[in-house]
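Here's a quick briefing to read with the model open beside you.

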Amino acid sequence: MQKMSSTDWLSLASLLSTVVLVAITGWYAWITKHILDANKLMVAAVDAQQYAAMRPYIQVSTTVGIGTPLIYLQIENMGKSSAKNLRLSIDRDFFRFDKRSDETNLRKSPAFSGVIKNFGPGFKLKFQLGVASKILGGNSDLSPREFDISAEYDTGRERVKEHNVIDLSPYLFSSLDEDPVAEQLKKLNSNLPGLLKSR
């Protein structure tokens, strides 16, 4: 076996150090790629979270007027930016106050037959549907208890379409909220004849 010279030793050491440097560089490249991938995922998650927090949200709900037996349909932008090109649609005719005409047909109203170009944050539409007892106990062909409302709009990033099933049946046998001011005025009005007589 031939003895290695100092030059051979230096060459071998140089080769080994090159292999070690290549391995370390490869390891750093692998770690850097994973850090970049993790950063991309984190940026995408933050972007999605910010978009979700700032986009428009169209909420469709019903409510009963305080101190009245009227049921209202309410459409509101609960988000923090405007819904663009909002198109509302209802799947069947709904004749407000049980009166069959084009003027009382919710489906033919401007909000449901056209496009709302800009529906800003906090903007609200409120429609009187009718008296609760008439809707719940009346002609379901004129004022159905259940119907579907679709809202389609641009968020600035995508076109969203949402379906909302409106069911008025839960209002059956529920009691009305009383307006405290209206209640006091009603009491005052009932006591007024007695006050006028004593005067």
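**Rings and charges**

There are four aromatic pairs in this structure. One of them is the edge-to-face pair of Phe119 and Phe123, with 4.9 Å from centre to centre and 80° between the planes. Bear in mind that this is a predicted model.

- The two partners in that pair can be looked at one by one: Phe119 has 0% relative accessibility, so Phe119 counts as buried.
- Phe123 has a relative accessible area of 41%, which makes this residue partly exposed.
- If you're wondering how such ring pairs get described, it's by the distance of the centres and the angle of the planes.
- Charges sit over rings here too: the charged end of Arg55 is over the ring of Tyr57, 4.2 Å from the ring's centre.
- Likewise, Arg157 has its charged end over the ring of Tyr51, with 4.3 Å to the centre.

**The chain as a whole**

- You'll find four helices and seven strands in the chain.
- Going from the N terminus, the elements come as α-β-β-β-α-β-β-α-β-β-α.
- The chain has 199 residues, and 26% of them count as buried.
- Take the contacts in the chain with a separation of 6 or more: 65% of them come from residues 24 or more positions apart.

**The β1-β2-β5 sheet**

- Three strands make up an open sheet, ordered β1-β2-β5, and they pair antiparallel.
- The edges are β1 (58-64) and β5 (124-131); each has a single partner strand, so one side of each is left without a neighbour in the sheet.
- From one strand to the next, the twist averages 20°.
- Seven bridges hold the antiparallel pairing of β1 with β2 (residues 70-77).
- To find your place in that pairing, look for Thr62, which stands opposite Leu73 in β2.
- As a reminder for reading any regular strand, side chains alternate between the two faces of the sheet.

- Strand β3 (residues 83-90) runs antiparallel to strand β6 (residues 146-154), and five bridges join them.
- Ser89 has Ser150 in β6 as its bridge partner.
- On to the next pairing: β6 and strand β7 (residues 159-167) are antiparallel as well, joined by nine bridges.
- Asp148 is bridged to Val165 in β7.
- β6 and β7 form a hairpin, with four residues between the two strands.
- In the turn of that hairpin, Gly156 has a positive phi of about 105°.

**The nonpolar core**

- Which residues touch the most other members of the largest nonpolar core? They are Leu73, Ile75, Leu88, Phe112, Leu129 and Leu168, out of 29 residues in that core.
- Leu73 is worth a click: leaving out residues up to four places away in sequence, Leu73 touches residues including Val60, Ser61 and Thr62.
- Other residues that Leu73 touches include Leu106, Phe112, Leu125, Phe127, Leu129, Ile149 and Ile166.
- Lys126 is also among the residues touched by Leu73.

**A look at Leu172**

- Where does Leu172 sit? You'll find Leu172 in the loop between β7 and α4 (180-198).
- With a relative accessible area of 34%, Leu172 is partly exposed.
- Setting aside neighbours within four places in sequence, Leu172 is in contact with Leu136 and Arg145.
- Leu172 and Ile135 are 37 residues apart in sequence, and their C-alpha atoms are 9.7 Å apart in space.

Notes:
Residues are numbered from 1 along each chain as its sequence is written. This is a predicted model: local features need pLDDT of at least 70, side-chain atom pairs count only at pLDDT 80 or more; totals for chains, interfaces and linings use all residues. Side-chain values use heavy atoms; hydrogens and water are left out. Two strands pair if DSSP finds at least two bridges between them. Axes are lines fitted to C-alpha atoms, for helices over the stretch in contact, and angles run from 0 to 180 degrees between N-to-C directions. A nonpolar core is a set of buried Ala, Val, Leu, Ile, Met, Phe, Trp, Tyr and Cys residues joined through side-chain atoms within 4.5 Å. Buried means under 20% relative accessible area, exposed over 50%, partly exposed in between (1.4 Å probe, protein chains only). Contact means heavy atoms within 4.5 Å. Rings of Phe, Tyr and Trp (its six-membered ring) pair if their centres lie within 6.5 Å; planes under 30 degrees apart count as stacked, over 60 as edge-to-face and the rest as tilted. A charge sits over a ring if NZ of Lys or CZ of Arg is within 6 Å of the ring centre and within 35 degrees of the ring normal.
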